Structure formats: C-alpha cells, structure tokens
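Visitor: I would like to go through this model and hear which criterion stands behind each label.

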Amino acid sequence: MPSTTPRYGAPGERVQDTLVSDAPLLAGYSWPYTTIVGHQEGPQMTIIAGIHGCEYVSIHAAMRLAAELDPAEVHGRVLIVPVVNLPAYWERTPFVCPIDGKNPNRFFPGDPGGTFTDVLADFIFTTCIAPSGAFIDLHGGDMVEALTPFAIVAADAAPEVVARSRGLAEAFGLSYTVNSRPAPGQIGGMTFAAAASVGVPGLIAEAGGIGQLTMQDVDLLVNGTRRAMHAAGNLHGAAAVPGTRYLEEFNWFYTTNEGFWIADVRAGDDIQVGQQVGRVLSLTGEVLETLIAPAAGAVLFLTTSAAVKAQGLLLGLGLWPTADKEA
Ligand SMILES: [Zn+2]
C-alpha cells in the first residue's frame, strides 16, 4: 500500500512498494522503492538513482541492488529509490525536470514552498536522505554527456563526515573522486552536500552516459555500491578497497556564444596546463572560442552534442591537487 514514508518489514524481509506525497504539487506521482531489513544490527543505508531521468545505467544499478541484495546478508536497513525524477524519466528529459525546467541536483535539500523540483527535493530529502546513516546517489552521463567513472564527496563538511564519505568513495573504487567544496555563488544544492550538511556521509557515483544502457557500467555501480556497503557496515565483513585518485574541485567550461561544439579531448583524458580542450564554431565555420585548460587535470565529463546554446556547459575538468592546496 502506498505510504508517505518508506515502510520497513520485519528482520529478513524485503518490501517493495510506492512512496506518495501529501504535497499538492506532487499529486498523481508515486515513487517505487524497496526496503530490506537484515537480521543483524547495522546502520541505515539509502541508495537513490534517477535524479536525472535518462541516466539509465544508474537506474538499472539501483533496480539490480533492490532485487539482488539478500536480506540474509544485510546488516541494518537499506532503502532504494531507483527513479527520483519521474517526470524526466517518462518524458526522456535530460538534466532537468520537465515540469519546471530545474535540475534537481541543484535544489537539495529542497523547499516545500517552491516549484515542483523544490518540493520533490524536500520530499526525498526529508523522507529518504536525512534519516539515513549513509547515502549513495547513483548517476551517469545524461543523453548528451559522456563521462569517465567518478565520484564526488563533500570536502567542506564536518571532518568526521568528510572522513567517512572518503571511506565510502575509496571502497566504491571509481577511478576518480572530486573533493567538492563549492565557494559562495558556485554550484550548490547537490544531494550529497545536503546530506553531509546534516551529518550523513555519502557520495555521488557516476558511470555510463549518452543515454546508453551499458551493462559493464551497471556492474561498476553495483559492485562499487556493494563495497561501499561493506565499508558502511551494511554487509558482513571487509571487502577489497580499490581506492581512488582525488581531484580538487571541478573546472567547468561553458561557451560564451551559441554555436557548434567540437571537443578535442575525450572523457578520461589526462590534460596538461595550457592544453586546448575544444572549440566552438559559428554555423558558418568561424572559430568563436578556443577552450584552454587553466591547470592540469582529468576530463571527467563532456557534452557530446555539437549544438550548444550560449552559456551552455561544455566540459568538466577535475583538477589535480596543487602543492600549496595540500599544505
Ligand atoms: Zn546525473
């Protein structure tokens, strides 16, 4: 029976049902979820996906975890919500919610008095994220986005939360992890940052992209999540900790002009300072902009669509730590 908060069964039970909200703006939507309660004591782990509705790798990874996690192996409780941004999923809308055009991953912890996306973020945050002991938000590249697998943690949270989030990221074991500490005025409102601000350690994990359901990327997210669950104490015993390479903050490239975008690099490439990463041409072929890396780093994601509007996002470079930043 649908409920306004997730329902948990007795120890050893898996419950699959739907969440509904009392908020008038969310009327008519119901969010499928799975809860698993182990026989052993342990923390509450919340796993969500589909904050971006066309990131199918992450959605399928959450569906697989919901089906494959055995209540007999789970310690504590697990909650899995495979598609948060249901309007975007059904309408195949990349990045944003089609109802109000907002990117949900900029509006956490949400606002019950805002538009659809604000209210949705508030609903998911209060019912699923804030009550958890650890939190994993699965993503992948959206319809026009290629990426190399990476994680993001909040590096500006309380030290204990940062340490535990990094422990999850190192167990998850994606190639790169960005230490996110947005300055005022920069991009905020991301899920893991809102979680960290209320003391919940967590991360975003990204794999797959450009609207493809690539099963090796699904495996990457499923296996990484399982290792993170060992680290969090939700699965018995110790698992391998593959580790990760830390990057200091993002350098996101935007185009000034509308035009035709050509990337000169690929996701996962190592970039030197001063290297050209791409160009924006006019539709008559004139070079309008040349994008140059301001520091050395790794290309974490890039826009694969050649068509770009003015101020459009082109590419995300993760910058290596510099000596003085480490000091
Ligand atoms: Zn995403």
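The questions below set computed values against the definitions used.

Guide: This is a predicted model, in which local features need pLDDT of at least 70, side-chain atom pairs count only at pLDDT 80 or more, and totals for chains, interfaces and linings use all residues. Residues are numbered from 1 along each chain as its sequence is written, and side-chain values use heavy atoms, with hydrogens and water left out.

Visitor: How many helices and strands does the protein chain have, and what makes a run count as one?

Guide: The protein chain has 7 helices and 18 strands. Helices are DSSP runs of H or I with at least four residues, strands are runs of E with at least two, and both are numbered from the N terminus.

Visitor: How do you know whether the radius of gyration of the protein chain agrees with that of a compact globule?

Guide: The globule rule is 2.2 Å times the number of residues to the power 0.38, and the radius is taken over C-alpha atoms. For 327 residues a compact globule would come out near 20 Å; the protein chain has 20 Å, so the value agrees. The C-alpha trace spans about 65 × 45 × 35 Å along its principal axes.

Visitor: What share of the residues in the protein chain is buried, and what makes a residue buried?

Guide: Buried means under 20% relative accessible area, exposed means over 50%, and partly exposed lies in between, with a 1.4 Å probe and protein chains only. Buried residues make up 51% of the 327 residues.

Visitor: What makes strand E7 mostly covered?

Guide: In strand E7 (residues 150–154), 5 of its 5 residues are buried. Phe150, Ile152 and Ala154 point one way from E7, Ala151 and Val153 point the other way, and all are buried.

Visitor: How do you know that E7 and E8 pair, and in which sense do they run?

Guide: Two strands pair if DSSP finds at least two bridges between them. E7 and E8 are joined by 5 bridges and run parallel.

Visitor: In what order do the 4 strands of the open sheet stand?

Guide: The order is E15-E14-E12-E17, with antiparallel pairing. Strand E15 (287–292) and strand E17 (307–308) are at the edges; each has a single partner strand, so one side of each is left without a neighbour in the sheet.

Visitor: What joins the strands of that sheet to one another?

Guide: Strand E14 (residues 276–281) is joined to E15 by 5 bridges, and Arg279 has Thr290 in E15 as its bridge partner. E12 and E14 pair over 4 bridges, with Leu281 in E14 as the bridge partner of Phe260. Strand E12 (residues 259–263) and E17 pair over 2 bridges, and Gly259 stands opposite Val308 in E17.

Visitor: What makes Phe95 partly exposed?

Guide: The relative accessibility of Phe95 is 29%, so Phe95 counts as partly exposed. Phe95 is in the loop between H2 and H3 and has a positive phi of about 70 degrees although it is not a glycine.

Visitor: Which peptide bond is cis, with omega near 10 degrees?

Guide: The bond from Phe108 to Pro109 is cis, with that omega. Pro109 lies in the loop between helix H2 (86–91) and helix H3 (116–129).

Visitor: Which residues does Ser305 touch?

Guide: Ser305 touches Val144 and Trp261, not counting residues up to four places away in sequence. Ser305 is in the loop between strand E16 (297–303) and E17.

How values were computed. Contact means heavy atoms within 4.5 Å.
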